[in-house]
Amino acid sequence: MCLAIPMVLVERNEFEGVAEIDGVQRRISVMYVPEAEVGDHVLVHAGYAIGQVDADEAAKTLELLREFSDSMVEL
């Protein structure tokens, strides 16, 4: 199973970019999403942006991931 995390693209050049979530930034490849622009939400898996989502979908996904994470702490 693969898990891609929605992150905001804060920098980009032709092949690489920087994505951010909760103040944490990571350098990523943007070769699979050539149409992505700074400010867009991209799905990041293993250092690669593999798709784009809108802001609402990104927020919903992050909320679910945080709920899951919180439930694991309670175990």
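Residues are numbered from 1 along each chain as its sequence is written, and side-chain values use heavy atoms, with hydrogens and water left out. Because the model is predicted, local features need pLDDT of at least 70 and side-chain atom pairs count only at pLDDT 80 or more, while totals for chains, interfaces and linings use all residues.

User: How many salt bridges does the count come to?
Analyst: Side chains of opposite charge can pair when their charged atoms come close. A salt bridge here is a side-chain nitrogen of Lys or Arg within 4 Å of a carboxyl oxygen of Asp or Glu. By this rule the count is two.

User: Which residue forms a salt bridge with Glu16?
Analyst: The N to O distance in this salt bridge is 3.9 Å, and the partner of Glu16 is Arg27. The pair links distant parts of the chain, 11 residues apart, with Glu16 in strand E2 (residues 16-21) and Arg27 in strand E3 (residues 24-29). Strands (E, at least two residues) and helices (H or I, at least four) are DSSP runs, numbered from the N terminus. The residue asked for is Arg27.

User: Is Asp22 buried or exposed?
Analyst: Buried means under 20% relative accessible area, exposed over 50%, and partly exposed in between (1.4 Å probe, protein chains only). Asp22 has 64% relative accessibility, so Asp22 counts as exposed.

User: What is the phi of Asp22?
Analyst: Most residues other than glycine have a negative phi. Asp22 is not glycine, yet its phi is positive, near 50 degrees.

User: Which residues does Gly47 touch, not counting residues up to four places away in sequence?
Analyst: Gly47 lies in the loop between strand E4 (41-45) and strand E5 (48-53). At 32% relative accessibility, Gly47 is partly exposed. Contact means heavy atoms within 4.5 Å. With that cut-off, Gly47 touches Ile28 and Ser29.

User: Which residue forms an aromatic pair with Tyr32?
Analyst: Rings of Phe, Tyr and Trp (its six-membered ring) pair if their centres lie within 6.5 Å; planes under 30 degrees apart count as stacked, over 60 as edge-to-face and the rest as tilted. This pair is tilted, at 5.6 Å centre to centre and 35 degrees between the planes. Tyr32 lies in the loop between E3 and E4 and its partner in strand E5, so the pair ties together parts that are 16 residues apart in sequence. The partner is Tyr48.

User: Is Tyr48 exposed or partly exposed?
Analyst: Tyr32, the other member of the pair, is exposed at 56% relative accessibility. Tyr48 has a value of 38%, so Tyr48 counts as partly exposed.
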